[in-house]
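Work through the exercises below with the sequence and the model open. Try each task before reading its solution.

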Amino acid sequence: MPIPGNPLAYTLVYALESPRGPVLVDAGWEHEDAWAALKDGLGAFGMDIADVHGVVVTHYHPDHAGLAGRVRETSGAWVAMHRDDAAIVRLFREVVEQDADRTWELAAMRRAGAGADELGGPGSPREHIDPPAAPDRELDDGELVDLPGRRLRTVWTPGHSPGHICLHLEDGDRIFTGDHVLPRITPHIGLYPYDRTDTDPLGDYLASLGRVATVDAGEVLPAHQYRFAGLAGRTGEIIAHHEERLAELTGLLSPAPTTLWELAAGLRWREAWADMGATAKRMATGEAAAHLLVLEKRGVARRLDEGGTLRFALR
Ligand SMILES: [Zn+2]
Ligand SMILES: [Zn+2]
């Protein structure tokens, strides 16, 4: 299903047959073109959106959960996600109601050391995003999804989102990996707010990769790019990629404190820092913050939090 105007281009949405109707793994971006693609895709197998029995969402991001609410309205399907992402969806819905200008994001960027000139422009925090539909069902690690006649097991893989799940079709030798494991790219792993220490997304992500690598599944069905074989090999490559990023960040640290924003700007990115919009810079800073927390936990970095600005130095 297309993601209009996004370099990812599309979300791979999977439909699993059951006697009660198809169960979808993810539901794609909320857009008329995506809706038409879902209708056509199901139609190719003689199915209709109105027949859908349930939608299991790998994580709450809009390219996965976007159309789940509309599918539910059309078919009466249940919508399920992991309980930790369900909690984020509830929070997201409250925040959007209470803080329509999203001033909390501006405050977070200032705290990282961003200059006033970097807080506006394209993709500025005032851009509106609709919160995803609240789920009817919450899943836990190891739980079977309601897919009558099949065994579709929830594998909790926090990191890209706190409640990200992979889905192991045990009687089909396949695993649906959402954004957790993709064949050629790695998902965004960011820490928000940047100064949080009560959660460790990159630490969680590396542990989740180690865990999912032990799942015995012949074919990997990700939510972007293409299907492939060799789950353990690919997870090993992604872990190595993050170890390289951790080493790169260590190289930027010195005994003198540096702001989080400067550290993020010093890392290599696909696009030059100076050319990035506000959203890209905010996400890059979240990634740097996630990596710095791991370096801090490993005893490599230490944080200094003075005068409302977050800085890091070599320990
Ligand atoms: Zn995602
Ligand atoms: Zn995605």
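**Exercise 1. Classify the site of the zinc ion (ligand 1): which geometry do its donor angles give?**

Step 1. Collect the donors, meaning N, O and S atoms within 2.8 Å of the metal (3.2 Å for Na, K and Ca); water is not among the atoms, so sites may look incomplete. The protein donors of the zinc ion (ligand 1) are His59 (NE2), His61 (ND1), His160 (NE2) and Asp179 (OD). They lie 2.1 to 2.3 Å from the ion.

Step 2. Four donors are tetrahedral if all angles lie between 85 and 135 degrees. Four are square planar, and six octahedral, if opposite donors are over 155 degrees apart and all others between 65 and 115; anything else is irregular.

Step 3. Decide. The angles among the four donor atoms run from 89 to 179°, and the site of the zinc ion (ligand 1) is irregular. For reference, ideal angles are 109.5 degrees for four tetrahedral donors and 90 or 180 degrees for six octahedral ones.

Step 4. Read the spacing. Along the sequence, the donor residues follow H-x1-H-x98-H-x18-D.

Before going on, note the ground rules. This is a predicted model: local features need pLDDT of at least 70, side-chain atom pairs count only at pLDDT 80 or more, and totals for chains, interfaces and linings use all residues. Residues are numbered from 1 along each chain as its sequence is written, chains are lettered from A and ligands numbered from 1 in the order in which they are written, and side-chain values use heavy atoms, with hydrogens and water left out.

**Exercise 2. Describe the site of the zinc ion (ligand 2): which atoms coordinate it?**

Step 1. List the donors. They are Asp63 (OD), His64 (NE2), Asp179 (OD), Asp179 (OD) and His224 (NE2), at 2.1 to 2.7 Å.

Step 2. Read the spacing. The donors follow D-H-x114-D-x44-H along the chain.

Step 3. Asp63 lies in helix α2 (residues 62-65) and Asp179 in the loop between β8 and α6 (201-212), 116 residues apart. Here helices (H or I, at least four residues) and strands (E, at least two) are DSSP runs, numbered from the N terminus.

Step 4. Join the two sites. Asp179 bridges the zinc ion (ligand 2) and the zinc ion (ligand 1), which lie 3.5 Å apart.

**Exercise 3. Are His59, His61, Asp63 and Asp179 buried or exposed?**

Step 1. Set the cut-offs. Buried means under 20% relative accessible area, exposed over 50%, and partly exposed in between (1.4 Å probe, protein chains only).

Step 2. Apply them. His59 has 0%, so it is buried. His61 is buried at 16%. Asp63 is buried at 9%. Asp179 is buried at 6%.

**Exercise 4. Characterise the aromatic pair of Trp261 and Trp273: what is its geometry?**

Step 1. Define a pair. Rings of Phe, Tyr and Trp (its six-membered ring) pair if their centres lie within 6.5 Å; planes under 30 degrees apart are stacked, over 60 edge-to-face, and the rest tilted.

Step 2. Search. The whole structure holds three aromatic pairs. In one of them, the ring centres of Trp261 and Trp273 are 5.5 Å apart and the planes meet at 80°, so the pair is edge-to-face.

Step 3. Locate it. Trp261 lies in helix α8 (residues 260-266) and Trp273 in the loop between α8 and α9 (278-297), so the pair ties together parts 12 residues apart in sequence. Both residues are buried.

**Exercise 5. Find the backbone exceptions: which peptide bond is cis, and what is the phi of Asp173 and of Gln225?**

Step 1. Most residues other than glycine have a negative phi, and most peptide bonds are trans.

Step 2. Check omega. The bond from Tyr192 to Pro193 is cis, with omega near -15°. Pro193 sits in the loop between β8 and α6.

Step 3. Check phi. Asp173, not a glycine, has a positive phi of about 55°. Asp173 lies in the loop between β7 (165-169) and β8, and is partly exposed at 44%. Gln225, also not a glycine, has a positive phi of about 65°. Gln225 belongs to the loop between β9 and α7 (231-252).
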